[in-house]
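Here is a short note to read alongside the model. Keep the structure open and take the points in order.

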Amino acid sequence: MARTLSSPGSGQRDQNRLLLIATRRSFTIIVYALLIALAFSMIFPYLWMLANSFKSRTDFFTNPYSVIPMPPTLSTYYDALTIGRMGVYLGNSILYAAVVLIVQLLIDSLAAYSFARVDFPGRETLFLAVLATLMLPGSVTLIPTFLIAHGLGLTNTFTGVVLPGFAGAFGIFLLRQFFLNIPRELEDAARIDGSGFFGTYWRIMLPLAKPAMVTLGVFIFLNEWSSFVWPLIILSDWKKYPVTVGIALFRDVNQINWPAVFAGSTIVSFPIVILFVLAQEYIIGGISLSGLKG
Amino acid sequence: MTTLAQPSQPVQSRASRQRELWKRVRKTWPGYLFISPAGLLITVFSYIAIIFSLYISFYQYDIISEARPFEGLENYTRALSDKLVRISFRNTFIYVIVIVPSITIISLLLAVLGNQVRRGRALFRTVFFIPTITPIVVTSMLWVWLYEPTGGINKLLELVNIEGPNWLFNPSTALPAIMIMTIWGAVGYYMIIFLAGLAEIPEVFYEAAKVDGAGRWHTFWSITIPLLRNSLIFAFVTLTIAAFQVFTQVFIMTQGGPMNSTQTVQMVVYHYAFQRFQMGYASAISWMLFGVIFFFSALQLKLFISRELY
């Protein structure tokens with residue numbers, strides 16, 4: 001294409017310029033068409049999910065494909081929350097996610113600060129030992145983690161669900177990177193004022209690390225909210241199930257109440273969509289970071 | 001003088017080094033205190049766990065009975081001749097071979113196309129990203145309905161006059177159905193990885209290519225791809241590791257059926273460990289999977305890194 005365009009001749013040149021503009025336009029149109037088609041393929045399950053979640057059972061069975069519920073009803077939500085027990089599951093999930101979020105942020109940041117700033121002997125080796133665990137496939141640690149939890153008497157308990165999530169090698173790595181980039185002068189000033197290591201961490205470093213803490217916090221929350229295999233294994237009592245395990249139970253029923261599944265799915269996705277809207281930049285920044293470092 | 005002093009020097013410095021070390025420890029002991037909660041958890045749930053896992057893979061180990069006889073390599077040899085294990089490894093390999101390149105190529109396409117347009121860039125990014133942050137249990141449930149004989153997918157196919165199969169109940173379409181859903185759910189994440197990689201490529205390269213009269217296609221192959229190397233390696237390796245351990249989609253959508261056509265290694269590990277309580281045998285299978293994952297990750301890294309030299 002480029003070669004034909006560079007051919008001389010003044011009359012030819014205008015025509016060629018028009019041709020160039022035309023190909024550029026059509027290229028843009030093709031790109032947009034592709035993007036819109038791809039965007040539709042990403043979004044259509046959600047359109048159906050939303051529409052069907054507002055349909056009554058009879059409306060769903062007569063018109064499962066329409067995207068406009070006739071008439072819209074909230075009864076499926078009521079069913080999902082009560083008969084489907086989504087209310088209980090939702091409460092459990094919020095509890096698990098909140099506890100893991102707070103405790104892991106504290107434990108990770110404390111360790112990360114220590115690895116970044118306290119010059120204790122053996123620091124590098126211990127940090128490498130933490131990083132190395134990132135390589136372990138969850139597939140291998142699943143059974144022994146269960147057996148250890150079982151040995152500690154933690155099966156079918158709240159503690160059993162949250163305890164293994166209290167520390168994360170990725171979180172320690174992320175926060176340590178961040179702490180390393182904070183200028184030392186800020187701490188020196190605090191040290192001169194008589195702050196110990198903990199005072200410096202709590203009063204100086206933690207407030208400065210807010211962006212990194214938010215990024216990590218969003219990831220911890222998303223992880224815990226969608227966590228499925230571990231609670232499935234450790235719990236046996238439905239009263240303690242998180243939403244993920246609860247929703248999966250709908251699948252076991254012979255005659256699936258699809259509208260309730262759609263309502264339940266909408267309820268589970270809702271906090272995540274809100275979080276995504278609020279913290280989009282943090283989420284995308286965090287993923288980009290993990291990709292660039294890796 | 002110097003020759004005489006030399007032999008005694010290391011001894012002296014060792015003593016003084018030890019004193020120095022103690023001084024440092026005394027000054028920095030809170031450092032150990034700060035890492036101890038994380039250290040304890042990681043020790044128990046990673047290090048002790050993995051050693052324990054290897055240990056019980058040589059035993060007949062179930063939770064219920066007290067007798068746990070040593071079996072040597074029995075569990076491993078049993079796994080090699082176990083038909084279910086063989087089928088699951090085959091299915092998992094097929095799954096990995098299809099999924100990893102598909103997700104890499106499609107997400108790269110999304111990133112590159114998304115970068116070409118000015119209007120609506122953020123909107124496209126958001127839309128492509130939504131499946132990634134939805135819990136996989138939820139997306140799996142949604143797709144179970146979509147794959148019903150009278151579900152959404154077949155309705156869409158009907159519009160173009162194709163009669164869709166009973167996706168999840170047909171042994172030849174069940175695994176592809178799970179793969180399609182997984183690709184759909186993962187491309188948004190890797191698109192973000194590639195967008196970050198694209199943003200790192202200096203604009204100068206593209207300007208230079210334009211001056212040289214290089215077309216879009218040529219620019220893509222000779223500038224974008226080589227300079228995205230790090231992101232591509234990251235995507236390929238992490239995807240491979242994750243794909244080998246596929247579980248939740250299969251558990252929700254097919255439970256390994258129909259006729260074991262979607263049985264994956266992790267499903268089999270779950271089956272033996274938590275439905276038949278043969279923890280030792282299941283651990284042995286999980287170690288075999290670990291070995292396979294380790295082999296392929298190492299191979300990929302070696303291949304990619306040797307390429308760097310050209």
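1. **Where the two chains meet.** In this predicted model, chain A gives 71 residues to the contact and chain B gives 71 residues. On the side of chain A that touches chain B, the residues divide into 54 nonpolar, 14 polar and three charged.

2. **Chain A, elements and outline.** Chain A holds 15 helices and zero strands. Its C-alpha trace spans about 80 × 65 × 35 Å along the principal axes. A compact globule of 294 residues would have a radius of gyration near 19 Å. Chain A has 27 Å.

3. **Chain A, burial and contacts.** How much of chain A counts as buried? The share is 41% of its 294 residues. Now take the contacts in chain A between residues at least 6 apart in sequence. Of these, 73% join residues at least 24 apart.

4. **Chain B, elements and outline.** Chain B has 13 helices and zero strands. Read from the N terminus, its elements run α-α-α-α-α-α-α-α-α-α-α-α-α. The radius of gyration of chain B is 27 Å, well over the 19 Å that the globule rule gives for 310 residues, so chain B is more spread out than a compact globule. Along the principal axes, the C-alpha atoms of chain B fill a box of roughly 95 × 70 × 40 Å.

5. **Chain B, burial and contacts.** In chain B, 38% of the 310 residues are buried. Consider the contacts in chain B with a separation of 6 or more. Residues 24 or more positions apart account for 70% of them.

6. **A covered helix.** Look at helix α5 of chain B, residues 136–146. Is this helix mostly covered or mostly open? It is mostly covered: 11 of its 11 residues are buried. Among them are the tryptophans W143(B) and W145(B). The buried set also includes I136(B), V137(B), M141(B) and L142(B). T139(B) and S140(B) are buried too.

7. **Helix α4 against helix α7.** Two packed helices are described by the angle between their axes and the distance between the axes. Start with α4(B), residues 121–133, and α7(B), residues 174–200. Their axes come within 7 Å and cross at roughly 120°.

8. From α4(B) come F128(B), F129(B), P131(B) and T132(B). They meet a set of residues in α7(B) that includes W184(B), G185(B), Y189(B) and I192(B). The residues of this contact divide into nine nonpolar, three polar and no charged.

9. **Helix α7 against helix α10.** Helix α7(B) also packs with α10(B), residues 229–244. Here the axes come within 9 Å and cross at roughly 160°. Angles over 145 degrees count as roughly antiparallel. Helices α7(B) and α10(B) are therefore roughly antiparallel to each other. The crossing of α7(B) and α10(B) is right-handed. On the α7(B) side, the contact is made by Y190(B), I193(B), F194(B) and G197(B). On the α10(B) side, N230(B), S231(B), F234(B) and A235(B) take part. By class, this contact has five nonpolar, three polar and no charged residues.

10. **A cis peptide bond.** Which form does the peptide bond from G257(B) to P258(B) take? The bond is cis, with omega near -15°. P258(B) lies in the loop between α11 (248–253) and α12 (265–275) of chain B.

11. **Positive phi at N161(B).** Phi of N161(B) is near 65°. That is a positive value in a residue other than glycine. N161(B) sits in the loop between α6 (152–159) and α7 of chain B. Is N161(B) buried or exposed? With 12 or fewer C-beta atoms within 10 Å, a residue counts as exposed. N161(B) has 6 others within 10 Å, so it is exposed.

12. **Positive phi at F277(B).** F277(B) is not a glycine, yet it has a positive phi of about 55°. This residue lies in the loop between α12 and α13 (279–307) of chain B. F277(B) has 14 other C-beta atoms within 10 Å, so it is partly exposed.

Key:
Residues are numbered from 1 along each chain as its sequence is written. Chains are lettered from A and ligands numbered from 1 in the order in which they are written. This is a predicted model: local features need pLDDT of at least 70, side-chain atom pairs count only at pLDDT 80 or more; totals for chains, interfaces and linings use all residues. A residue is buried if 20 or more other C-beta atoms lie within 10 Å of its own, exposed if 12 or fewer, and partly exposed in between; C-beta atoms are placed from the backbone. Helices (H or I, at least four residues) and strands (E, at least two) are DSSP runs, numbered from the N terminus. Axes are lines fitted to C-alpha atoms, for helices over the stretch in contact, and angles run from 0 to 180 degrees between N-to-C directions. Two residues are in contact if their C-beta atoms, placed from the backbone, lie within 7 Å. Ala, Val, Leu, Ile, Met, Phe, Trp, Tyr, Cys and Pro count as nonpolar, Asp, Glu, Lys and Arg as charged, and the others, Gly among them, as polar. The radius of gyration is taken over C-alpha atoms; the globule rule is 2.2 Å times the number of residues to the power 0.38. Angles under 35 degrees count as roughly parallel, over 145 as roughly antiparallel, 65 to 115 as roughly perpendicular and the rest as oblique. A crossing is left-handed if the near helix is turned anticlockwise from the far one by less than a right angle, and right-handed if clockwise.
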